[in-house]
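Good morning, and thank you for coming. I would ask you to keep the sequence and the structure in view while I speak.

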Amino acid sequence: MTTTTGTPSPADLITDDWRLHGSIYTSPAIFAAEQEALFHGPWLYVAHESELREDGDYKTTYAGTQPVIVVRGADDGEIRVLLNRCRHRGSAVCHDERGNANYFRCPYHGWTYKNSGELRGITYDDAYPELDRDQLGLVRLPRVESFAGFVFASFAAAGPSLEEYLGNAGRYLRIVSEQGPDGIRLSAGSHKLAYRGNWKLQVENTIDNYHFGFVHRSFLDVLADRIGEAPPIMQNVLKNPEWRTIDLGNGHSVHEFGDPETGNNQGQLGDLPFNLIIFPNLCFVGAQLRHILPKAADATEVRLYPILHEGDSDADNAAILRAHEGFYGPAGMGGADDIEVAFDRVGDGLKAVEEDWLVMSRGLHREQPGENGTVVGRASDEVPQRAFYRQWRRLMAEEAA
Amino acid sequence: MTAEEILYREAALLDAGRFDEWLELFTDDAVYWIPQGEGGDPEHEVSIVYDDRRRMHERVLRLGSGFAYSQDPPSRTCHLVGNVLVEPGEGEGELRVGSKLIVAEVRRNAQNLFAGAVEHVLVPDGEGLRIRRKVVRLVNSDIPLGNVTFLI
């Protein structure tokens, strides 16, 4: 299981017949290796442009486990991603979730940075006769790019462009961005969830159609009570050939509810015509953008941002919020059951390690090649999960090599 | 019942898991709202709960379905209501009742504490009063939360 250096060998954690080793979800060493392989090089989602409309607007979030400030320059309007850490003694310089600022002033000793990151002022600076201030700005992620309004950043100075990285998934991100007549905005705040369990469990669960009739049986009962008949979701999952799962490459995947340009989700969980995973930790489901924040091997936070429609009425947008709250969030009638079963009880079960292998081969035999190198399966097949772990294994192996 | 007695009875019904009777305390046009964070405006901001009577009925239906895994086993709760302040409301016989609420909740070998300011709007109904609006402003509504599928 381990190399001579003590690091688990990724090639040994996923077998060719798609068994996964439980330590993928539980090992602190694997979690640390993921932060290098998955969250320190590839493009990471950090913001939507609607959160940073005005010069000086900022939000705080995380790039992997590292706290960052995403800020639109007060002088030039450029979006930058800065590590939220004073260069002097390490205090976070910004603690608000969002706001507008020309400067960030460290509360510890008063060092002050322009919102573009440059160190602007050191208090009582006669004590530093030789300090090179030009080298002591807030550390800036070297690359920031936007695609269809979604802002990503990378710790790697070189590598594929964001558009190349998104590849086949770009089309779907563009469809998300066109949900409203005049686009979309993330202006409704976010649900914040926390659970004791691995971050990848949330990724897998977001695009797992196999579980819906089991974990969400009580919600299906609620829907039946609401519409007076059994809802068609499970029939579609099991029988509808237009509901399909697709490995889009680079770890990204989608579950389409019919033609993504015109399909729908019965309007029960939200209006997006698909579930979408952008590797490693950005998801779209229902009517929400879901940003998964890894904290430790067994600790995760999740932020759910309802996607409002620019150009639609307040009443229509309020209806999006109400539909979202019915299923999602800490009191939602669906999402909380995922936390209970798919995360908490999985955590309970994974402590039994005598036979530590899981099965992720559902539908492997009926995967079909699609366009542009994609792999297509049926709605309840584990095609998206395998898409994720193909990329996971590739990046983890490169890191270990 | 007096306004205070309604609040105490509501707390007792929730702690006893008598959710159908709890629902009967509310008017047909009731709103049950738990804002998220500052919770300015439910038309523009996401809430933890923003239920009309239909959605409240659905919650109670779900809790009794036997398949609500996030409440299997169910939370054990203790609702403590205090600092009750009764003021006249806007309509004829309407009352606006402010209170503070502390809920201890135990589930899966862990105890969680929820607390906040509550506003009830009570309206006359025959000889008694019913709840037209309940707003719970939790002090922890802006931090990452786990499972809040029990009724606050």
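Let me begin with a term: helices (H or I, at least four residues) and strands (E, at least two) are DSSP runs, numbered from the N terminus. The model before us is predicted, so local features need pLDDT of at least 70 and side-chain atom pairs count only at pLDDT 80 or more, while totals for chains, interfaces and linings use all residues. Residues are numbered from 1 along each chain as its sequence is written, and chains are lettered from A and ligands numbered from 1 in the order in which they are written.

The predictor gives the complex an ipTM of 0.97 and a pTM of 0.96.

I turn to chain A. Chain A has eleven helices and 23 strands. Its domain assignment, automatic or taken from a database, gives domain 1 (44-154) and domain 2 (181-400). Over C-alpha atoms, the centres of these two domains of chain A are 32 Å apart. Two residues are in contact if their C-beta atoms, placed from the backbone, lie within 7 Å. By that rule, eight residues of domain 1 of chain A touch twelve residues of domain 2 of chain A.

How does the radius of gyration of chain A agree with that of a compact globule? The radius is taken over C-alpha atoms, and the globule rule is 2.2 Å times the number of residues to the power 0.38. For 401 residues a compact globule would have a radius near 21 Å, and chain A, with 22 Å, agrees.

Next, the strands. Two strands pair if DSSP finds at least two bridges between them. In chain A, β13(A) and β19(A) are antiparallel, with five bridges, and A:Ala194 has A:Glu301 in β19(A) as its bridge partner. Strand β18 (residues 288-296) of chain A also runs antiparallel to β19(A), joined by eight bridges; here A:His291 stands opposite A:Arg303. A hairpin of two residues joins β18(A) to β19(A).

Which elements of chain A give two or more residues to the side that touches chain B? The contact takes 33 residues from chain A and 28 residues from chain B. The elements are β13 (191-195), α7 (217-227), β19 (299-306), α9 (314-327) and α10 (335-350) of chain A. The largest share, seven residues, comes from α9(A).

A residue is buried if 20 or more other C-beta atoms lie within 10 Å of its own, exposed if 12 or fewer, and partly exposed in between, with C-beta atoms placed from the backbone. The buried residues of α3(B) include B:Met56, B:Leu61 and B:Leu63. Those buried residues pack against α7 of chain A, together with α2 (19-24), β1 (26-35) and β2 (47-52) of chain B.

Finally, some backbone details. Most residues other than glycine have a negative phi, and most peptide bonds are trans. The bond from A:Phe279 to A:Pro280 is cis, with omega near 0 degrees, and A:Pro280 is in the loop between β16 (274-278) and β17 (282-285) of chain A. Also cis is the bond from B:Asp72 to B:Pro73, with omega near 5 degrees. A:Asn372 has a positive phi of about 55 degrees, and it is exposed, with 9 other C-beta atoms within 10 Å.
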